[in-house]
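Subject: Structure handover

Hello,

Here is the structure I promised you. Please open it alongside this note. My findings follow below.

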Amino acid sequence: MPSLRDLPLSDPGVPDARSGTRLLLWLEMRQWRSQLLATAWGTLHLAAVAGFPVPVGLAVQAVVDHSGRRLLAAGALMLLLGVLTAVGDTMLHRTAVTNWISVAARVQQLLARKTVELGSVLTRRVAAGEVVAVSTADVEKIGWFVEALARFTSALLATAGVTAALLVYEPQLGRVVAAAVPVLALASLPLLPAATRRADIQREKAGKATELASDTVAGLRVLRGIGGEDLFLDRYRRASQQVRAAAVHSARMWALISAVQTLLPGLLLVGVAWYGARLALDGQITAGELVTVYGAVGFLLLPLRNFEEIAMAWSFSRPSAKRAARVLALSRSGESAGDTADTASGDGVPAPAGDLCDPLTGLCAPRGLLTAVVCGDPDAAGRLADRLGGHSPSGQDGAPSATLGGRPLDALPLTVARAAVLVQDKEPVLLSGTLAELLAVPSSGRVTPSEALAAAQCGDVLESLVQSLPASEPEPDPLRARITERGRSLSGGQRQRLALARSLVADPGVLVLDEPTSAVDAHTEARIARALGDVRAGRTTVVLTSSPLVLDRADRVVLVDGGTVVAAGRHHDLLRTEPRYRAVVTREPDGNGALPAPAGAAHPTAPMEESA
């Protein structure tokens, strides 16, 4: 029997993500043994319940015939069936819940592995709210269907068995039941397409509302700054009401299906009771046989409920599995989704070394040097940073993979590529925990946490973290101070500097920094620029920035215009010879086709306050 102690799974497997149906089938086959076990327990439970009309009928007939011995035997049989019902129901519930949780955990592990594989590019291909919905509500619905399938199988076996038994036990009434059961089982099928469409509409609106809520929470501080809280609250309120209306619309159809599943079996029960009573009055069957048949037909109401449940589970899980399959089908360039897990470990594959080059733009960062890249478009800079780290999913802009030492990053095993090149996003995320935990990242050991914090100019950050420690601490250690989720208690500049310190501690062979000092004041930025070259000496570093303070410290500066490298050299040389470069760096308009200045950029000579 499967156990929850086996979770998390050591290897969740390689899913068949070609469609939602194939994903559900793959999940079913991955735990076919536990599904068969659940089916066996479910069949035992329903068989025991189905057998109750037999001793009840025998007991009634024994009373009519004044037979105490047969009444005692009927009571013993009822006791045995009661024990079997309790055992079967208990074990079925235990196995079914284990199957549900196991499937949900497997899908969540697959989604987590895919998230690690794609990194920040995932939310560019799939909306953030969609990712959240897939990893929460959709996972539960997928687990529901896989778990319900075993109970449906046992219900189907029990229904067929009881119908066949009635045909043998009492052919006249059995023929009526055998003719009615297929009608009852299939009566709700014409209503399922409409119910599924309404459920899809509800799910789509719920996903949009979730996405709006996550975006609002992420930008809450900005909204407060510009007074936009009421506007976004009103938008979410309207989206929430649309979800409510869609849910009510969907619930009406499912209520109709439930009504059909209740009404028709009830009519069958009434019909069997009327017809059986007539046969009993005519002397064709005994009173005990009538009670037995009536009880068996009443039992059929129980497995028929499983028919309704599996239809509902399929309607909800099919679109959920389709969305999950769409996320799981995303892959890195140059490999299929199935190759990802096979090559993720990278065992025995040597780490590449050499120049970092991007064939799409023509950018080449020499090994061991600090290369600064200037882009007029911040979004283009972000896409370039992703390509340099091998984070672009397959088909992204049709772009070829970046190369390190002549080897395509997308062709390398995932762990090798991630260890070789580290990309720090424009908006890095700080996980909640202590500062020591934040800096406890895989590293070469060449740069200590204290050296990284000093290079990132985190002195004032450490002072503020010390103040947050309890006064009872004899020797306050900032490394023991806790950082709130996403570092919300820190300013934007403080978050950037802690993220930079974390990247410096990792000390990768190649470090790509996307605007690492955009929220830092000019004086601090100048000190960071000086220290960065010292800490990263002998390592390849690429900084995407337009700050003159950082550009002046770079060994080599590259200008990217229109997605192509148009100039390269030292900072002061490019200022004199390249008007487009001068237009971006100095934020001064130029008549010779100058690039537009990045949105929100401050004048380089003006002191910049750290953003909150």
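Accessible areas here come from the Shrake-Rupley method with a 1.4 Å probe. On that basis, the protein chain has an accessible surface of about 28,800 Å². Carbon and sulfur atoms account for 60% of that surface. Please keep in mind that this is a predicted model.

**The chain overall**

The protein chain contains 22 helices and twelve strands. Of its 612 residues, 46% are buried. Buried means under 20% relative accessible area. Take the contacts between residues at least 6 apart in sequence: 77% of them join residues at least 24 apart.

**The sheet**

Six strands make an open sheet. Their order is β6-β9-β10-β3-β11-β12, and the pairing is mixed. At the edges are β6 (421-424) and β12 (564-569), each of which pairs on one side only. From one strand to the next, the twist averages 20°.

Now the individual pairs. β6 and β9 are parallel, with four bridges. Valine 423 is opposite valine 512 of β9. β9 also pairs with β10 in the parallel sense, over five bridges. There, leucine 513 has valine 543 in β10 as its bridge partner.

At the other end of the order, β11 (residues 556-561) and β12 run antiparallel, joined by five bridges. Aspartate 561 is bridged to threonine 564 in β12. The hairpin of β11 and β12 has two residues between the strands. Glycine 562, in that hairpin, takes a positive phi near 65°.

**β9 and its cover**

How many residues of β9 are buried? Five of the five are, so the strand is largely enclosed by the rest of the structure. Both faces are covered. Val510, Val512 and Asp514 are buried on one side. Leu511 and Leu513 are buried on the other.

Helix α13 (residues 378-388) lies across β3 (370-375), β6, β9 and β10 (540-544). The angle between α13 and β9 is about 165°. α18 packs on the sheet too, touching β6 and β9. The direction of α18 makes about 175° with that of β6.

Most residues other than glycine have a negative phi. Two residues here are worth a look on that point.

- Glutamate 515 is not a glycine either, yet its phi is positive, at about 45°. It lies in the loop between β9 and α19 (522-535).

**A helix pair elsewhere**

Helix α1 (residues 20-30) packs against helix α11 (residues 287-328). Their axes are 7 Å apart, at an angle of about 95°. That makes α1 roughly perpendicular to α11. On the α1 side, the residues that meet α11 are Gly20, Thr21, Leu23 and Leu24. Their counterparts in α11 include Trp314, Ser317, Ala321 and Leu328.

Is alanine 105 buried or exposed? Alanine 105 is buried, with a relative accessible area of 14%. It is located in helix α4 (residues 68-118). Alanine 105 and proline 8 are 97 residues apart in sequence. In space, their C-alpha atoms are 7.0 Å apart.

Alanine 165 belongs to helix α6 (residues 128-169). It is partly exposed, at 42% relative accessible area. Alanine 165 and valine 293 are 128 residues apart along the chain, and 9.9 Å separates their C-alpha atoms.

Best wishes

Key: Residues numbered from 1 in each chain as written. Predicted model: local features only at pLDDT ≥ 70, side-chain atom pairs only at ≥ 80, totals over all residues. Heavy atoms only, no water. Buried < 20%, exposed > 50% of the residue type's maximum accessible area, 1.4 Å probe, protein only. Contact = heavy atoms within 4.5 Å. Pairing = 2+ DSSP bridges. Axes fitted to C-alpha atoms, helices over the stretch in contact; angles between N-to-C directions. Parallel < 35°, antiparallel > 145°, perpendicular 65-115°, else oblique.
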